[in-house]
Amino acid sequence: MLKKLTAIVESNRKLAVGLMSGTSLDGVDAALVEIKGFGPGTEVKLLAFDTTPYSVEEREQLIELCDPKKSTVEKICKMNVVLGDLFGEAALNVIKKTGYLPKDIQFISSHGQTIYHWPEERSTLQIGELANIAAKTGILTVGDFRPNDMAYDGQGAPLVPFVDRLLFSHETKNRILLNIGGISNLSVVPAISEINREVSAFDIGPGNVLIDGAVRRLTGKTFDENGDLAKKGTIHDKLLESLIEEDQFLQIKPPKSTGRELYTEDRLGQILMKAKTLNLSMEDTIATITAYTVEMIVQSLSLYIHKEHTIDQLIVSGGGAYNEAIMDGLRNSLPYKVSKMDDISFNGDAKEAIAFTILGNQFLHGETNNLPSATGASQSVIMGKLALPS
Ligand SMILES: Nc1ncnc2c1ncn2[C@@H]1O[C@H](COP(=O)(O)OP(=O)(O)OP(=O)(O)O)[C@@H](O)[C@H]1O
Ligand SMILES: CC(=O)N[C@H]1[C@@H]2OC[C@@H](O2)[C@@H](O)[C@@H]1O[C@H](C)C(=O)O
C-alpha cells in the first residue's frame with residue numbers, strides 16, 4: 001500500500017473528488033477536480049460538480065440527530081454508515097458525469113456531516129464513515145479533518161480559510177471571502193503586496209439555518225427561493241434589534257466557530273413565538289430573520305475587520321448568494337463592491353467541496369493544512385485520516 005500511496009503523491013496531476021455536506025443539511029456536494037502541486041504552488045481546476053439532495057425524510061432525521069434532546073447513540077451509529085454509503089454514491093455520480101472511471105481517480109476527500117461541534121470541550125463529530133466511502137468506490141479516502149486541529153487547542157473550524165488564501169490572494173486587493181451556508185463565515189485575504197499580514201477568519205453566526213427553519217415551519221417549503229418571501233415582507237426593526245442584542249456569539253472575539261448547537265430548533269421556536277406575539281405576517285417574519293442574518297455579517301465586519309483592514313472587495317459564495325434579500329442587504333450596508341463568486345471564479349456552490357480536495361491533497365503530501373490564525377490552534381498541523389480500499 002505504501003507503494004500505491006507514494007505513486008499517488010508523486011503523480012504530477014491528480015484527479016480527486018471533494019465531498020461536502022454542510023450545516024444546511026440540504027444535500028451532498030461533490031466536486032471532481034484536477035489538482036497539480038501542493039502548498040502555495042497548488043493549482044486546481046473544477047471538472048464537474050453535482051449535488052445529491054437529501055430527501056425530506058433524511059433531512060428531518062439529520063436535524064433530529066443534531067439535537068441532543070432527540071438524538072441517540074443508536075441513531076448516530078446507524079447514520080454514520082448510511083451516510084458513508086450515500087457519500088460514496090455521490091462520488092460515483094460526479095465521476096460518471098465526466099466519463100472518467102473510479103480507477104482514474106487518485107483520492108476522495110470528505111468533510112463528513114457535522115452532528116455536533118463543541119469547541120469548549122475540544123470535541124467535534126463529523127459522520128459519514130470513511131471506510132464505507134472507500135469500499136463503495138474503491139478509491140482511497142481522506143477525511144475527518146477537524147479533530148486534529150482541536151487536539152492542538154484549535155476550534156476545528158473554519159478550515160476553508162486555508163484554501164481561501166491559496167486560491168484567492170490578489171496582487172493588490174484586500175478581499176473578503178464570505179460563505180453563506182447554514183452558518184456564515186468569512187476570511188479576510190490580504191493582498192499579496194501585504195505579504196506579512198495574516199488571514200483573519202471566523203464564523204459569523206446564522207447564515208440560512210434560521211431562514212430555512214422559519215420557511216420550513218411557516219410554509220412547508222425548504223428554503224426562501226431567491227429571497228422572494230423576504231422581499232415581500234417588511235423588516236420589524238424592534239424584533240431585529242432584540243435578536244441582535246440577544247445574540248451573544250456576536251460579542252465573542254475571534255477565533256470562534258459555531259453551528260446548530262447555538263442556532264437550535266428551540267431558538268428558532270422562540271423567535272417565531274416573538275414574531276407571532278407581534279402579529280407579524282409570514283413574509284414579515286422571514287424578512288426580519290433574513291435581516292438578522294445580514295446584520296450579523298455587517299456588525300461582525302464592523303466589530304472585528306474594518307478597524308484592522310481596508311477592504312476592496314467582498315466575494316460571496318454558498319447558497320445564501322442566491323438570496324437576493326441577503327445580497328441587497330449587504331450591498332446597501334457595505335461601502336465596497338459585493339460580488340458573487342460565480343461572477344469572478346468557479347461555481348460558488350462548489351467552493352467548499354473543492355476546498356476539501358485541497359485539504360486532502362495537503363494531507364497526502366504530509367503538509368500542514370490548518371490555519372492557526374483562523375482556528376486558534378497552537379500550531380500548524382496535518383489534519384485528516386485515511387481509509388484504504390481493498
Ligand atoms: N436559489 C436559492 N435562493 C435562496 N436561497 C438558496 C437558494 N439556493 C440555496 N439557497 C440556500 O442555501 C442553503 C444551502 O447553502 P450551502 O449549500 O452553501 O450550505 P451548507 O454547505 O450546507 O452550509 P455550511 O457552509 O454552513 O456548512 C439552502 O439551505 C438555502 O437556504
Ligand atoms: C463544525 C462545522 O462543520 N463547521 C462548519 C459550519 O459551516 C460553516 C461554518 O460552520 C464553518 O465553521 C464550517 O464549515 C466550513 C466548511 C469550514 O470549516 O470552513
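Predicted model: local features only at pLDDT ≥ 70, side-chain atom pairs only at ≥ 80, totals over all residues.
How many disulfides does the structure hold? The count is zero.

**Cysteines**
- C66 takes part in no disulfide, and the cysteine sulfur nearest to its own belongs to C77, 16 Å away.
- Seen from C77, the closest cysteine sulfur is that of C66, and because 16 Å separates the two, they are too far apart for a bond; a disulfide would need the sulfur atoms within 2.5 Å.
- Is C66 buried or exposed? C66 counts as buried, because its relative accessibility is 7%.
- C77, by contrast, has 55% relative accessibility and so counts as exposed.

**Polar contacts of ligand 2**
- The side chain of T114 places a polar atom 2.5 Å from an oxygen atom of ligand 2.
- R146 also uses its side chain, with a polar atom 2.9 Å from an oxygen atom of the ligand.
- L159 contributes through its backbone instead: a polar atom there is 2.8 Å from an oxygen atom of ligand 2.
- On its own, ligand 2 has 430 Å² of accessible area, and the protein covers 97% of that.

**The shell around ligand 2**
- β4 supplies the largest share, with three residues.
- In total, 16 residues surround the ligand, and V160 and D203 are among the closest.

Definitions and conventions
Residues numbered from 1 in each chain as written. Chains lettered and ligands numbered in written order. Heavy atoms only, no water. Near = heavy atom within 4 Å. Polar contact = N/O pair within 3.5 Å; in protein donor to acceptor, adjacent residues only side chain to side chain. Areas by Shrake-Rupley, 256 points an atom, 1.4 Å probe, with all protein chains shown as cover. Helix = DSSP H or I, 4+ residues; strand = E, 2+ residues; numbered from the N terminus. Buried < 20%, exposed > 50% of the residue type's maximum accessible area, 1.4 Å probe, protein only.
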